[in-house]
Structures are given as C-alpha cells and as structure tokens.
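Student: I am new to this structure. Please take me through the terms and what they rest on.

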Amino acid sequence: MRHKQLFIKILISTSLLYNTNKSFAQIFDNEQAHYSEKWRSINSANFQLLFPKDFEPAAQRLAKELDHFIQNNNKNLQLRSKKITLILQGNHVLQNGYVQLAPRKSEIYPIPSSTPDNQEWLANTALHEMRHVAQFDKLTGRIRGPLFEQLALALYGLNLPAWYFEGDAVQTETLYSAGGRGRLPSWEMPVRANLAQGKNYTFSKYVLGSFRDNVPSYYTIGYLMSTYMTNHFGLESHEKIQENMHNKLLRPYNFQRALEGVSGLNSTQLYKETIQELAQKWSSERPKKDLSSTPIITKTSPYPSDFLLPQQDEKGHLYVLKSSPQIIPQIVQIDNQGIEKKVVKTGLQINPHYHLRGHQIIWDEYRKDARFSKRSYSVINTFDLKTGRSKTLSKNSKYYAPTWHPTKNEAALIEVLADNSCRILVIDGDSGQHLDSIPAPKNTHLQQPKYNAKGDKIILIGVTKSGTSLLEYDFTKGTFSTKLAAENQQLERPFYQENAIVYKANHEGIDNIYRLDSGKKDSISRLTNAEFGAFNPYITPDGSLIFNDYKYNGYKLAQQNSEITQPKDSIQRSYYIAKTAQNIIPLDTANALTPDFTVSKYNAAKHLINFHSLSISSNDFESFDNYTPGIFWLSNDLLNTTQVKLGYEYDTDIRKSIYSAELSYRKYYPIFTIKYQNRGQVGTASNSAQPEKNIMFDYREHYTTLEMSIPFSIYRQQRVYSYGFNFGTSYTKRYAVSIPLQNFNDEIAFPLTYQAYWNQNDRKSSMDLYPRWGQNLSITYRHLPFEHRLQGEILSARSNFYFPGLLTNHSIQLRAAAQKSSGRYQYSNDIPMVSGWGHFNSPKVDNTVMFNYRFPFSYPDWDVLSIVYVKRLQALLFSDFQNIHKDAAPKSMGIGLSADFHVFRYPLPYINVGTRFSYINDVTASQKIVPTFTLSYTY
C-alpha cells in the first residue's frame with residue numbers, strides 16, 4: 001500500500017507537468033486548432049516541425065536554427081537528445097510555449113505582438129523550449145514511450161524544482177542569443193525594488209507567489225539563482241547537477257544532494273547568497289535620488305496596484321489603465337485628490353494598451369474562437385466618453401496597438417498576417433474599414449505606432465534579429481527611414497514631441513524616458529532619473545512629462561517638466577550574467593543562403609493512434625474522489641484530436657474487476673466519446689417467501705456509452721460566456737447472474753440524456769473567489785424511449801447566480817434547482833442536495849435553494865518549515881433550503897473555513913483544504929452538527 005501511495009504522489013505532486021514560457025497551463029492539454037487547418041511538416045534527424053500551410057516562411061527560418069539550438073544543448077549537457085515534434089500554432093495569438101511528455105512534443109505560439117522585447121520572439125522562444133527538451137532527456141531520457149512517458153514527466157517534475165528548470169532555460173535564452181530576458185533591466189526590476197525597500201521576502205514567497213506583495217514569478221528568481229551558480233561554479237555546474245541526478249530519480253532530496261555536491265549550498269542557502277550578492281551589486285549601481293519629478297496622488301491600497309499609461313483628455317482630465325490583485329483591469333479617471341471614477345473595463349489584453357484622443361478611447365483585446373481555443377484573435381474596441389458606448393471594430397483579426405489619427409476619424413495599427421509578416425493598417429474609426437495598408441520592411445516586426453501632430457508620419461518600433469530600432473514611415477513619400485539603429489534595447493511607447501521623439505529605453509542599464517532630437521545617437525538626452533524604472537511617457541499640452549515610476553508596490557504616477565534633462569549616468573551597470581557570458585558567443589542565426597527544408601503535407605489521420613504511457617488514473621488526475629485502483633494504456637495524437645484509453649480497474653468495495661476501452665474524438669465541433677466497460681456488479685433482491693429479507697447477488701454486465709458534447713466559450717470585455725449542448729446514451733447487457741431471479745432486467749437499451757447550458761460571468765481578479773456578477777443555467781432531461789419494460793423520465797433545472805458581497809472580493813452565491821421525475825427515475829436526484837443530506841430522513845426532493853457568502857479574510861504567506869506555504873484563508877457562511885414550496889425554513893446552515901496552500905515549494909498543484917460544520921434543522925436528524933472535510937487541487 002505504501003508503494004502504491006508513493007507512486008501516486010510521484011505522478012501527481014509535480015510542479016512541472018507543463019513548462020510554459022510565460023504562464024501555467026493545465027496538466028494535460030486537450031485544446032485543438034481549428035479543423036480547417038492545413039498542416040505541413042518539416043522533418044530532420046533531430047526534429048519534426050508541424051505548422052499551418054501559410055506559416056511556411058517563418059517555419060523555414062526557424063528550422064534552420066533548431067539544429068544549432070539542439071546541438072548546443074547536447075554539448076553543454078553531454079547528451080544526445082531524442083527527436084521531438086514541435087508544433088507551431090500559427091493561429092493562436094497568445095505568446096507562449098511549452099514542452100511536455102505524454103505525448104512527447106513541444107508547442108509554440110509564435111505570433112509576435114506589441115509586447116516589448118529586445119529580439120525576435122519565435123527564435124528566442126524555441127531556444128528556451130529546446131533547453132527544456134534537453135533537460136527532459138538528460139534526466140529521464142531512458143524512460144520513454146510507448147509505456148512510460150507520463151512516468152518520466154512526473155519524475156522530472158518531482159526531481160527538478162520549477163525555479164531551477166525555468167531559471168536554467170531563461171539563462172540559456174540569454175547566453176546564446178543577442179537578447180534574452182536576462183539582459184532586460186525590467187526583468188530583474190521587481191527584485192531590485194524589493195531589496196532596496198527592505199522587503200526581504202522568503203525564498204518560498206518568490207517561488208510560490210503572493211496575493212498581498214509584489215513578487216515576480218519563479219522564472220525571475222530561478223534565473224538569478226542559476227546565474228549566481230554559473231558565475232561562481234561555472235557553466236558546467238548545470239550538467240554536473242543533472243548528471244548526478246539522472247540515475248537516482250527515486251533518491252530522497254535528489255536535487256538538493258546534487259546541488260550541494262556542486263555548490264556546497266542547498267536551495268535556501270543558494271537563494272540567500274544570491275540575494276546578498278545582488279543587494280551589494282545593485283546598491284553600488286543605484287542612481288541618485290531623483291529630485292526633478294514629483295509623484296501624482298493616487299488611491300492608496302494595502303495591495304500592489306498599477307496605474308498604467310497615463311493620458312489626458314481635451315479638458316485635462318487624467319486617465320490611466322488601473323490593475324491590481326483586487327480588480328480586473330479598467331480605465332479610470334483620476335482627479336487631483338486621487339479619487340477615481342470608473343470609465344470602462346477592458347477585456348483580456350496580451351499587452352496593456354489604450355489610446356485616448358478627446359472623448360474617444362481605442363484599445364486592442366484578446367478573443368478566442370468559441371470552440372477551438374488554439375485559434376484566437378486580437379480585435380479593436382472603442383469607447384465614447386460622451387455616450388458611454390463601446391464598439392468592436394474588427395472580428396477574427398490580428399490587430400495590435402491601435403492609435404488615433406490626430407485629426408481624422410481614423411486609427412493606425414499593426415496587423416500580423418498569416419505568414420507571420422506584418423503591416424501598418426489604417427482603419428476607419430467608425431466602421432473598421434481598411435483605408436490604407438503599408439507592408440513592413442522585410443523580416444521586421446513592427447510595434448506601437450504613433451502619429452505626429454500633422455498625421456503625415458508615424459513613429460514605431462522595429463524588431464529584427466539585430467535588435468530593436470525606431471522607424472519612421474512617411475505617408476507623403478511612402479518610405480520607411482531609421483531614426484534609431486537596431487541594438488539590444490527594450491524600446492517602448494515612442495511618440496513625437498514636435499520634431500523630437502520621446503521613448504522608453506534602457507541605454508544606461510536602467511529603464512528611463514529618453515528624447516531623440518535629430519535622429520543621431522549623440523543627440524539622445526535622458527529625461528528621467530528613475531530609481532528602478534520609468535515607463536509609458538506622455539507629454540501634456542502644458543509641457544509636463546507624466547510617466548509610470550516603478551516602485552516595490554507597482555507602477556505609480558509621476559510628473560516633471562519635459563524640458564529638464566538629466567546628466568549622463570556615470571554608473572557602470574553590467575548584466576548579472578556578464579561573468580558567465582564573457583566567453584560565450586551567441587548561436588548562429590538562420591542564414592538566408594542555407595537551402596530550404598523539404599516541406600510535405602502532414603496527414604493527421606495516419607497518426608491518430610500514438611500510445612505513450614501507462615497511467616493509474618482514468619481522468620488525468622483531475623480528481624481522486626472515489627478513486628478505483630487500476631492501470632490504463634494511453635494514446636494521444638499530437639494535435640489533441642484523438643484519445644484512446646485501454647484499462648483495467650479493481651473495485652475494492654465490491655471486489656470486482658472492470659475492463660474498459662474508451663475513444664474520444666475532438667477534431668470537429670462535436671466532441672464524441674464512446675466507452676465500453678465489462679464490469680462486475682452487486683445487487684439486492686427480495687425473497688417472496690420472506691419479503692423483509694434481502695438477498696445479495698452478483699452479476700457482470702457489458703456497458704457501452706456514447707456521449708456527444710458541443711462546448712463553446714467566448715470573451716467579451718469583462719464578461720466570459722460559455723454555452724453548449726450535451727447528449728448521451730448507453731446500452732447495458734447483464735449476464736452471469738449468481739442466483740436465479742424473476743423479473744430481472746438483463747437489458748437496458750438506449751436511455752437518452754440531453755443537457756443544454758448557458759453561463760455568463762464576470763472575469764475574476766486574482767483575489768476573487770467567485771465572479772462579482774454571474775448568471776448560470778443548466779437544463780437536463782432523461783428518459784427511456786426505447787424501453788418497454790422500463791418507463792420514466794426526469795427533467796431538472798439548475799441555476800447559479802453570483803453577486804458582490806459587502807467588501808471587495810467578497811461574494812454571494814445563490815443556487816436554485818428543481819426537478820420533476822417519474823417511473824424509473826422517481827427517486828433519482830439530478831440536482832444538488834442540501835448540506836447534511838443523508839443525515840436526516842428526507843422525503844422526495846423537488847427543489848433546493850442554497851445561499852453562500854464566501855470571503856477571504858487573510859493572506860498570511862506562512863512558510864511552515866518549507867513544507868506548507870499558506871497563501872490565503874477563506875470563510876464561508878451558508879444556509880440551505882429543501883422543498884421550499886412546503887417548508888420555507890432552512891434545512892441546514894453553518895460555517896466553513898478553508899486554506900489555499902502549496903506543498904514542498906511546488907507551484908503546482910494548488911491545494912485547498914477545508915472544513916465545514918452543518919447544523920441540521922430537522923427532527924429526524926441522527927446528529928445535529930455534522931462536520932465535513934474537503935480536499936481539492938488545481939493545476
């Protein structure tokens with residue numbers, strides 16, 4: 001039994017299970033690209049590259065670089081990586097990437113956006129993800145399919161901490177390219193600000209995050225710790241650690257032992273040494289106190305808050321895009337006393353952006369296909385301050401960073417095309433109709449355009465392999481010109497100040513606002529002297545410069561005279577990774593003269609069956625409620641359209657075996673799932689001679705189910721909608737009954753179930769437990785149209801409503817449900833039961849109503865011996881009603897407490913443990929106070 005539990009823990013306790021480059025994903029990715037996608041393939045000895053047909057030019061450029069990335073990792077980690085499939089999801093606009101096993105593949109979302117960077121997105125992401133491939137193969141390369149990929153994935157995540165494998169990958173992307181996040185001052189800025197302000201947070205907080213304090217993700221602290229290690233113990237330290245581990249995957253504290261063997265430090269000690277060294281380095285590089293700028297008053301908050309992109313309307317009112325853990329992002333107006341007036345909530349954005357001109361606001365917003373989540377879009381929205389009305393100007397587009405023309409009802413923006421090239425697009429401000437189109441210079445991605453005062457020129461950022469530059473397009477001449485040559489800079493938000501250009505850059509090793517006066521580098525002057533970083537500049541009509549001044553608790557507002565310039569900074573700032581990088585040459589980039597790879601059609605139908613793993617879970621470890629021991633052989637195709645499970649389980653309660661086979665097909669709008677089980681069952685029968693005495697009997701049955709679902713979900717500004725239809729039927733044939741029985745039903749033929757649902761909910765902030773507003777409705781109908789011996793039907797309706805509570809992040813939940821049944825379904829329950837149901841003699845239930853008030857009451861960030869890290873404590877008040885048409889008194893009521901926490905410094909799973917005490921208001925209750933305990937987790 002202990003070995004079985006250990007095996008379960010190995011499989012479910014991994015913090016990895018998906019190595020995303022920017023964010024987490026669920027453990028097993030079940031989303032699909034649109035069925036109309038025409039997939040193409042490039043095959044080489046080291047990789048297979050799958051991509052949409054139109055994406056071939058970008059795929060060819062990447063393919064020429066992949067071998068360099070793979071061979072470099074092989075050399076550094078002293079291994080030979082196995083061939084891997086990379087899938088370029090060329091119609092998914094979220095910038096991300098991950099590597100997984102079960103099945104073995106990497107997916108990259110390669111479309112560049114307006115997110116600032118210091119180099120091209122696609123190649124840098126591939127460099128990062130190929131490091132993860134090498135980590136997999138170094139650590140668990142001998143454990144492979146078709147039986148053990150899921151085990152290898154779990155062992156990898158159990159052995160390598162998330163901060164380490166992501167920190168190592170960020171370090172790799174920095175060392176072997178001309179850019180990388182390690183060369184961005186903004187990347188380390190949150191840690192630098194925390195140290196300067198005396199915020200000496202624990203290692204656990206940096207790894208696992210916090211609701212109440214501003215800490216970056218474990219990518220950042222992992223990179224800094226990895227850099228300390230290579231700066232002091234050499235680049236080979238990574239290979240030594242993983243070499244020490246790979247044959248000892250079941251050794252307790254495997255990573256800690258390997259780390260100590262190389263550095264003499266455990267993880268906590270390495271963190272402390274890193275922080276101490278960084279504090280000394282950054283203290284010596286800290287700029288003098290800025291006396292030229294003054295803060296703008298804003299609403300204070302105990303939690304981090306950002307007041308981004310300050311701008312003014314024609315009356316001089318100040319607007320910002322505000323975000324914090326307590327609220328979803330929204331544009332607000334701020335008066336001189338810091339009092340806020342809500343204007344409009346933006347939807348999901350890939351990069352924060354809006355532009356205000358007069359009474360009109362325009363911004364871009366992320367949307368996704370209602371059914372196929374790997375087809376997504378970036379659309380344009382507008383809002384009129386006078387009428388209070390919003391409008392969407394585009395549909396199914398890839399538009400970014402719109403900016404208003406200074407006088408015309410037009411907007412310019414950047415569009416990314418199907419082949420990953422881009423262009424400047426000018427659209428009508430009312431209809432979204434195309435008015436002009438300007439292709440970008442070859443192999444250049446354009447970002448963040450802004451008109452000059454006359455509207456005949458646009459300044460924008462150009463991103464190429466050489467770095468980032470400032471480009472100007474002249475509408476009169478129809479030509480591009482370079483205003484600032486490409487270099488390793490993170491340029492942002494350029495705009496004109498008469499004939500000069502104001503922009504954000506990091507020319508002196510820290511983010512500040514600069515002005516370019518004549519188009520020559522020696523004419524650059526620095527306008528701000530930020531302690532940690534200055535961003536998002538805006539010049540008011542009276543000549544004031546308003547900008548975001550970063551502090552330890554978020555992006556705040558500051559202002560100064562835009563004519564005041566700062567002296568050149570004499571401080572010599574170096575990248576933290578400089579010592580490791582000094583003898584490393586960036587990898588070769590794609591050579592245009594290198595012959596193109598052969599491209600062939602990818603026939604997905606030939607690869608639908610792809611067995612990769614044995615598993616002990618039939619539901620991908622989504623839940624262990626009513627867990628039945630078993631083993632399953634899993635197959636998933638690379639495009640997530642087909643899943644096959646062959647399984648055996650043993651029900652320990654009734655001591656019966658279950659044999660099963662399941663096929664799920666997800667390529668088109670309906671999702672079809674067919675499942676067959678041969679299973680043992682136990683029943684009871686009454687003896688006609690002794691009716692009061694029940695007789696137990698055994699039997700087996702063939703049980704086949706067919707399910708069809710059509711799920712949809714969409715985003716519309718602050719709202720999330722989901723709706724769909726489910727249909728199911730089954731066929732049951734019973735046999736091998738252990739005793740002779742009369743009136744035994746040995747066949748149940750095709751009972752039908754239909755369900756329709758519709759949900760509308762507000763997006764949640766990170767501190768919200770439930771949506772602030774939400775309406776959810778589900779209707780289910782079941783009957784037996786093909787049965788003659790069995791009759792009956794049941795119709796049920798369930799609703800769920802959410803309302804704001806008394807304080808921010810408090811939530812009221814009201815659930816109401818009703819059912820009507822007959823025949824075989826007479827005593828079935830298709831609606832939620834009240835708390836404590838089963839502890840009193842209940843009549844037939846026709847309806848229930850449940851009232852919950854849930855609220856967080858503490859964000860303690862307790863680190864208990866590095867075993868448990870408690871992030872949030874919640875409380876619950878509830879009252880439940882049953883058959884309210886007969887009895888309006890509560891049937892049960894009570895309180896609950898729960899805690900959200902992580903274990904052993906694993907970011908995943910995120911666990912909630914709770915208890916509730918229900919008071920049963922019924923004279924038949926066997927006990928009046930019923931305690932219950934809950935355990936849930938999310939990935």
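Tutor: Start with the largest nonpolar core, which has 74 residues. Leu-49, Leu-66, Leu-88 and Trp-163 touch the most other members. Helix α8 (residues 218–233) gives the most to this core, with 8 residues. The model is predicted: local features need pLDDT of at least 70, side-chain atom pairs count only at pLDDT 80 or more, and totals for chains, interfaces and linings use all residues. Residues are numbered from 1 along each chain as its sequence is written, and side-chain values use heavy atoms, with hydrogens and water left out.

Student: What makes a set of residues a nonpolar core?

Tutor: The members are buried Ala, Val, Leu, Ile, Met, Phe, Trp, Tyr and Cys residues, joined through side-chain atoms within 4.5 Å. Another core lies apart, with 19 residues, among them Val-93, Tyr-366, Tyr-400 and Leu-446.

Student: With which residues is Leu-49 in contact, leaving aside its neighbours within four places in sequence?

Tutor: Contact means heavy atoms within 4.5 Å. By that test, the partners of Leu-49 include Arg-40, Ile-42, Leu-62, Leu-66 and Leu-88.

Student: Why is helix α4 (residues 149–159) called mostly covered?

Tutor: Buried means under 20% relative accessible area, exposed over 50%, partly exposed in between (1.4 Å probe, protein chains only). In α4, 10 of the 11 residues are buried. Among them are Glu-149, Leu-151, Tyr-156 and Asn-159.

Student: What makes β15 (399–404) and β18 (434–439) edge strands?

Tutor: The open sheet runs β15-β16-β17-β18, with antiparallel pairing. β15 and β18 each have a single partner strand, so one side of each is left without a neighbour in the sheet.

Student: Where in the protein is confidence lowest, and where highest?

Tutor: pLDDT is the predictor's confidence in each residue, from 0 to 100. Helix α1 (residues 2–12) is lowest, at a mean of 33, and β15 is highest, at 98. Over residues 1–27, pLDDT stays under 50. Where pLDDT is low, the predicted coordinates should not be read in detail.

Notes
Helices (H or I, at least four residues) and strands (E, at least two) are DSSP runs, numbered from the N terminus. Two strands pair if DSSP finds at least two bridges between them.
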